[in-house]
Each structure stands twice: as structure tokens, then as C-alpha cells.
Amino acid sequence: MAGGSPWSGRVVGFDLDMTLVDTSAGMAHALRAVNRELGTGVDVDAGVRALGEPPRDVLARWVPEDQMDRAMRALASAFITGGLPRVRPLPGAGALLTGLRDAGARVLVVTTRRTRIAAACLRGCGLPVSDLVGDRSPAAKAETLREHRVACYVGDHPLDMSAAACAGVPGVGVLTGFHDAGQLAAAGAGLVLDGLADFPDRPGAGGRPWR
């Protein structure tokens with residue numbers, strides 16, 4: 001689809017966690033490490049289901065403020081040392097990103113995860129991207145999407161769809177995370193897909209699945 005592809009010259013934005021990569025096992029490992037190191041009572045299952053929200057906001061549900069910096073350091077360290085090997089690409093991610101690149105598009109990842117760790121996730125999963133912007137709050141995601149003039153933003157979380165709507169760009173929801181089609185649509189998704197393999201082969205909702 002190179003050359004005259006309708007995606008040529010466009011920027012396609014993606015969330016990271018549970019959109020391109022499955023970080024659930026890695027995050028569970030890291031949250032258990034926080035509990036062991038600090039003696040906190042983080043609900044690991046609930047913490048994993050909150051993937052896509054800023055990690056500090058998630059930990060704040062169980063961790064006192066005076067322990068928060070230590071908890072964040074423990075979370076990052078455990079994710080890097082033991083979580084990264086547990087991260088896996090989601091079905092269709094590699095083929096879609098390669099196809100978009102070959103079609104002349106640029107792939108931009110915008111994530112709440114820290115840039116260094118996000119880059120390690122992508123590298124470990126063999127996923128090629130053009131640009132990566134990490135450590136973005138939901139509000140900051142919208143600013144980044146506008147700055148990069150994305151054609152659409154793909155994500156699994158209602159906050160991703162809200163960011164796309166705030167940026168004035170189409171939001172494409174994928175059901176690979178912990179949220180259903182109704183939640184994604186209510187947050188502003190214009191198109192909801194079962195997974196990345198169903199991504200349309202041209203801009204707009206009328207394209208055929210990318211296969």
C-alpha cells in the first residue's frame with residue numbers, strides 16, 4: 001500500500017498499554033513487589049485493570065502520600081527488572097505497525113507510561129514506531145495529539161477516547177483492554193474494533209479491515 005496509499009503522510013497515534021502491548025502480567029508483578037517492599041495493601045487485580053491511568057493516581061488509592069515516592073520507585077524498578085520480560089505484543093500489533101509504515105504513515109505512541117519504560121516495552125516486543133511521547137496525563141495526551149496533527153488516536157481506555165475528542169481527532173477504540181464498547185463510545189470513540197487486526201485500511205470508518 002505504499003506510494004498512493006491513503007495513509008501516506010499521515011500520523012497515526014496509539015496508546016501503549018493494552019492497545020499495542022499486553023502489560024497486565026508485568027504490572028501485576030510490579031504491584032506485588034510494591035506490596036512486599038512497603039507492606040501496602042494494593043489490590044493487584046484492580047491496579048491491573050486501571051492500566052491506562054497515570055500510575056501515581058492508581059497507587060494513591062492504596063498508598064499514603066508520604067510513601068508515594070518510594071512506591072513509585074519500587075513500581076518502576078520491579079517493572080523494569082521483572083515486568084518487562086512478561087510484556088507481550090497484542091495480536092495484530094506488529095503487522096499493523098509494519099503495514100502503516102510501509103504505507104507511508106508515521107506511527108506515534110502517546111502514553112502515560114514513562115518514556116524510557118515505554119521504549120523498552122516496544123523494543124522488547126519488536127514493534128516499530130516513528131515517535132514516542134511518554135509520561136503524558138490524559139489532558140497532556142490531547143495537547144500532544146494536536147501538536148502532532150494525528151489522523152486518529154487508537155486506544156483501549158475511555159481516557160484515550162476522551163483525549164482524542166478533546167484534541168478534535170477521531171478516536172478508535174479497541175476491546176483489548178478492560179473496557180467495553182459502550183464505555184469507549186460514551187467517552188467519544190467514533191469507531192470501536194475488536195482488535196488491531198480490524199483496523200481499517202484507509203482513513204474513516206468505511207475502510208476494510210487491515211489484514
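Contact here means heavy atoms within 4.5 Å. Helices (H or I, at least four residues) are DSSP runs, numbered from the N terminus. The model is predicted, with local features needing pLDDT of at least 70, side-chain atom pairs counting only at pLDDT 80 or more, and totals for chains, interfaces and linings using all residues. Residues are numbered from 1 along each chain as its sequence is written, and side-chain values use heavy atoms, with hydrogens and water left out.

Two packed helices are described by the angle between their axes and the distance between the axes. Axes are lines fitted to C-alpha atoms, for helices over the stretch in contact, and angles run from 0 to 180 degrees between N-to-C directions. Helix α4 (residues 68-83) packs with helix α6 (residues 115-124) at an angle of about 20 degrees, their axes being 11 Å apart. That makes the two helices, α4 and α6, roughly parallel, a label used for angles under 35 degrees. On the α4 side, A76, F79 and I80 meet R116, I117 and C121 of α6. By class, this contact of α4 with α6 has 5 nonpolar, no polar and 1 charged residues. Here Ala, Val, Leu, Ile, Met, Phe, Trp, Tyr, Cys and Pro count as nonpolar, Asp, Glu, Lys and Arg as charged, and the others, Gly among them, as polar.

Helix α4 also packs with α1, where the axes come within 8 Å and cross at roughly 135 degrees. The contact of α1 with α4 divides into 11 nonpolar, 4 polar and 2 charged residues.

The largest pocket holds about 270 Å³ of space, a volume being the space filled by probe spheres set on the points. Of the 16 residues lining the largest pocket, P55, R56, M72, T112 and R114 lie nearest its centre. Helix α4 turns up again here, giving the most to this lining, with 4 residues. The lining of the largest pocket divides into 9 nonpolar, 2 polar and 5 charged residues.

Note on methods
Angles under 35 degrees count as roughly parallel, over 145 as roughly antiparallel, 65 to 115 as roughly perpendicular and the rest as oblique. On a 1 Å grid over the protein atoms alone, a cavity is a set of points where a 1.4 Å probe fits but cannot get out, and a pocket is an open set with protein on both sides within 12 Å along at least five of seven lines; lining residues have an atom within 4 Å of a point.
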